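Please read its points with the sequence and the model at hand.

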Amino acid sequence: MRTFRTGLLVGLAVAVAVGSAAIVYERYDTKTLKRTIQRDAVLCGVNTGLPGFSSPDDKGNWSGFDVDFCRAVAAAIFDDPKKVQYIPLDANERFKELQARKVDILSRNSTWNMSRETSNDLYFPAVSYYDGQGFMIPKARDIDSALALDGSKVCVQEATTTQLNLEDYFRTNNMKYQEIKFGKLDEALRAYESGQCDTFTSDVSQLYALRLRLSKASDHAILPDVISKEPLAPVVRQRDDDWMMIVKWTLYAMINAEELGITSKNIDEALKSKKPDVMRLVGTEGAYGEELGLTKDWAVRIIRHVGNYGEVYERNVGAGSKLDIPRGLNQLWSAGGIQYAPPIR
Ligand SMILES: N[C@@H](CCC(=O)N[C@@H](CS)C(=O)NCC(=O)O)C(=O)O
């Protein structure tokens, strides 16, 4: 009788353990690649509208630096950069929508920090753009340093690191300010333009992009001060390592391609190269792409359809674009910046 009861209890304990393991398994999504392939498209969460980073044209075609990153992931998987569905997400909804599996990747000027990973079960695989926070003011204010912003009325978007850094900066420097916060970017920008605030703050790259949306861009100056570190990165859910690896190595393939001088224009010559590091990148030696669950030529697909990191930077936000943001920290490590990809080998 006793043994029977013990047996029952053991059985019950095993059932509970198996049951909760199943719940844990359910909670953590490990099938992003499989679902992406089944639906024949990457679901890409982007900004609602930042020229140069992600914005739609009249026909609803998206373009920009963050958009190109999703195109690169689609190229690596499908050999077709068009297999992406763009889902515009504002600052507040972005992480929730990623957690709820509404998107496969967030590619949307999101700063990598500790609490965003630890408290949201998310993962930022690698930095795509090293940014920092700055200020934009009407030139008529005639101010040339952020330390002269005492008493300003600052427009800022909620649910951003921007809002937190703003508070830190004014507190640290013993300056007063009035914060006027908005849930939507359009509202914040309109408030700034209408004079409701005399200062606008966001990541410097976004200031360049947003200035283009003002009716008289040349009336506004971006102050030289950079008050924070904003490592912007794609974001994925934790514990889907196969998917995370694809996202991470897509970016690293683009950075390595630039370092090796491989571009969308000379990719066919690169396929004939006998240089070992080029051969590993383009898949004429080794099977690195297959180990990602993709094909040997995964990086060739990325470079051919989208380009290397430098090409993507220049055409969207650099010298070849209206934003004309200097490469700065986003230059390769071998050219004075800090963009650095681990080797493919
Ligand atoms: N990098 C910062 C700021 C990102 C952010 O969301 N910035 C705003 C202000 S420019 C934005 O992009 N808003 C666009 C939107 O909500 O659609 C963060 O990750 O919190």
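**Notes on the predicted model**

1. Cys44 and Cys70 are joined by a disulfide, with their sulfur atoms 2.0 Å apart; a disulfide is taken here as a pair of cysteine sulfur atoms within 2.5 Å. The bond connects distant parts of the chain, since Cys44 belongs to strand β1 (residues 42-46) and Cys70 to helix α3 (residues 65-78), 26 residues apart. Helices (H or I, at least four residues) and strands (E, at least two) are DSSP runs, numbered from the N terminus. The torsion about the S-S bond of Cys44 and Cys70 is about 80°, so this disulfide is right-handed.

2. A word on the basis of these values is in order. The model is predicted: local features need pLDDT of at least 70 and side-chain atom pairs count only at pLDDT 80 or more, whereas totals for chains, interfaces and linings use all residues. Residues are numbered from 1 along each chain as its sequence is written, and side-chain values use heavy atoms, with hydrogens and water left out.

3. Are Cys44 and Cys70 buried or exposed? Both are buried. The term buried means under 20% relative accessible area, exposed means over 50%, and partly exposed lies in between (1.4 Å probe, protein chains only).

4. The search of the whole structure gives two disulfides. The other pair to note is Cys155 and Cys197, whose sulfur atoms are 1.6 Å apart. Here too distant parts of the chain are linked: Cys155 is in strand β9 (residues 152-157), and Cys197 is in the loop between α7 (185-193) and β11 (199-203), 42 residues apart. Cys155 and Cys197 are buried. With bonded cysteines counted along the chain, the pattern is 1-2, 3-4.

5. Strand β1 also takes part in an open sheet of three strands, in the order β4-β1-β5 and with parallel pairing. The edge strands, β4 (84-88) and β5 (105-106), each pair on one side only. Two strands are said to pair if DSSP finds at least two bridges between them; β1 and β4 are joined by five bridges. Within this arrangement, Cys44 stands opposite Tyr86 in β4.

6. Helix α3, which holds Cys70, also contains Val73. Why does Val73 count as buried? The reason is that its relative accessibility is 0%. Leaving aside neighbours within four places in sequence, Val73 is in contact (heavy atoms within 4.5 Å) with Val42, Ile105, Trp243, Ile246 and Thr250. The C-alpha atoms of Val73 and Trp249 are separated by 9.4 Å, although these residues are 176 apart along the chain.

7. Which residues are closest to the ligand? They are Asn47, Thr48, Thr111, Gln157 and Asp203, among 21 residues that surround the ligand (a heavy atom within 4 Å). Oxygen atoms of the ligand lie 2.4 Å from a side-chain N or O atom of Thr48, 2.9 Å from one of Arg94 and 2.6 Å from one of Gln157. Taken alone, the ligand exposes 500 Å², and the protein buries 99% of that; these accessible areas come from the Shrake-Rupley method with a 1.4 Å probe, and for residues only the protein chains shown count as cover.

8. Finally, Ser321 is found in the segment after α14 (309-316). Ser321 counts as buried because its relative accessibility is 16%. The side chain of Ser321 reaches the backbone oxygen of Asn316 at 3.3 Å.

Notes
A polar contact is a pair of N or O atoms within 3.5 Å; within protein, one must be able to donate a hydrogen and the other to accept it, and residues adjacent in sequence count only if both atoms are side-chain atoms.
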